[in-house]
Amino acid sequence: MNCVKFQDSLSDYIEGALDPRARAECAAHRLICGECRELYNDVRVTVQALNALGDADGDEPEGLRDRIIASTTTGEMLSCGEFDKLLERYFDGVILAPTFQTFQSHFENCFKCRRLLNGIEEAIGMLQEAKETEVEVPGSLHDRIVAATVGRVSSSWIGRARSALVNFGRRLMSPQVAVAAMIIALISLLVISRFGSVSNLTTSAEHKVESLVTQGHQKINSTGAMARYGFQRVSYGVNTFLFSGAAHSDSAPTSSSKPNGEPNGARPTPQPQRNSDLAPESADSPKRDKHRTRQNQSGR
Amino acid sequence: MRRCRAGDSAAWEQVVHEYSRRVFNLAYRFTGRHESAEDLTQEVFVRVYRSLDQYDPQAGDLANWLMRLARNLVIDDYRRRCRTPTDMGDDIGDHEYHLESRHDAPDRGVERFERAKQVHAAISKLQPDLRECVILRDIEELTYQEIVDILKIPIGTVKSRINRGRIELAKILRRMKVVETL
């Protein structure tokens, strides 16, 4: 036996696992080889020291047990996988009381699972909101679906008309139209509350217009009367002037026909409005009547 | 264990008290660092807790099941760290270790503790594949077949690694002048 073979068999030799012949060879080599003898002794002592290590475990550091218990009985009482499995039942509210306590304990201690649970709650809330606010369906979608499924471009004209009507109705239900309709309704309400009805409103408007027209007529008439009076005064003044001139000369017959040729000649004599204005002329009236009587006689 | 699975925290605490020391020591042998061993022990217990429903009392007693699981987890961690050797044996001293305490400190407990520390330091200097075999065989005192089952390597390889590991460790301890004091 050489040193290499001795070293290869060393463990078995120490453990007594060699057959008697091999053991005898090793023992013989150990006696003649100092280096292998020393190695044999060192390995034997080393194995004994290792065995002693296993027999006398050192104490674990202080607080390690508490750390382990804290990280298992509270934080990991329920593994995250178990937590995931229970989530659905948790949201359905069908977790039994003892499991629920464990679930709560894990939820309080595990940040990841807490974040997951909060995220799911938020998502459920958002879904609820989304459910309440429906998005308008595009008008052409129906046709597209029909085309994609049964292969037809569109249905009969009745169907198309119906879908057009439905789309129009949907468009009417748009927010802008709704606001406009609300404004119109408010105005109508104000009108009705003020006048009772729309027909009453037109009636009162007619009355108003009628009274305005009447007032306009009266104004026009009074203005006309004033104008007429002014004209009569002017013509009367002219007549007076002419008659007074005729009294002094014989040109009276030519001028006497003038009043009859006036536009207002149909009226026999101007009607004085104010006696005070006519006072100076009233003194001449007997002369004029006399002159007229003479004119008629000459005409006959 | 049945109570543990039913959510009985007192029963679980009892399991932790009973096995934390063994698991911590196992972790320390493989990591060679107190801090790493603590973290690893905690991780092992968390994994054990999550695997409680896999425990079958018919297949063996709790200690065997728990320690087997713990060993597997520790070795997984050990092999992972061997692939990325960043924090291995940082707080274990080098060859300067010698038994000054033997003369300075009359306390046998302190002496034993110091020696154990030196042996751990020597173990940490072993090649990783040799180290895991030596630890499992000479400290954990598993049979060859148990080591084969854990490491998933042929029995010939296990035997060969144990033998080489022992010789290597003895040489390291001699260089550290520890072996003379053992």
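Tutor: Let's start with what a helix is here: a DSSP run of H or I at least four residues long, numbered from the N terminus. This model is predicted. In it, B:Ile75 lies in helix H4 of chain B, residues 62–83.

Student: Why is B:Ile75 called partly exposed?

Tutor: Count its neighbours: B:Ile75 has 17 C-beta neighbours inside 10 Å. A residue needs 20 or more to be buried, and 12 or fewer to be exposed. The value 17 falls in between, so B:Ile75 counts as partly exposed.

Student: Which residues does B:Ile75 touch, not counting residues up to four places away in sequence?

Tutor: Those are B:Glu132 and B:Ile150. The C-alpha atom of B:Ile75 is also 8.4 Å from that of B:Leu151, although 76 residues separate the two along the chain.

Student: What does B:Val44 contact, leaving aside its neighbours within four places in sequence?

Tutor: B:Val44 is in contact with B:Val23, B:Ala27, B:Ala70, B:Leu73 and B:Val74. It also belongs to the largest nonpolar core, which has 58 residues. B:Val44 is among those with the most contacts inside that core, as are B:Ala27, B:Val74, B:Ala122, B:Val134 and B:Leu169. The largest share of the core, ten residues, comes from helix H2 of chain B, residues 9–31. In soluble globular proteins, nonpolar side chains tend to be buried together.

Student: How do you know that H4(A) and H9(B) are roughly perpendicular?

Tutor: The axes of H4(A), residues 34–55, and H9(B), residues 155–175, cross at roughly 95 degrees and come within 9 Å. The range for roughly perpendicular is 65 to 115 degrees, and that angle falls inside it, so the term applies. From H4(A), the contact uses A:Leu39, A:Asp42, A:Val43, A:Thr46 and A:Val47. From H9(B) come B:Arg166, B:Ile167, B:Leu169, B:Ala170, B:Leu173 and B:Arg174. That contact has seven nonpolar, one polar and three charged residues.

Terms used. Residues numbered from 1 in each chain as written. Chains lettered and ligands numbered in written order. Predicted model: local features only at pLDDT ≥ 70, side-chain atom pairs only at ≥ 80, totals over all residues. Core = buried A, V, L, I, M, F, W, Y, C linked by C-beta atoms within 7 Å. Helix = DSSP H or I, 4+ residues; strand = E, 2+ residues; numbered from the N terminus. Contact = placed C-beta atoms within 7 Å. Axes fitted to C-alpha atoms, helices over the stretch in contact; angles between N-to-C directions. Parallel < 35°, antiparallel > 145°, perpendicular 65-115°, else oblique. Nonpolar A, V, L, I, M, F, W, Y, C, P; charged D, E, K, R; others polar.
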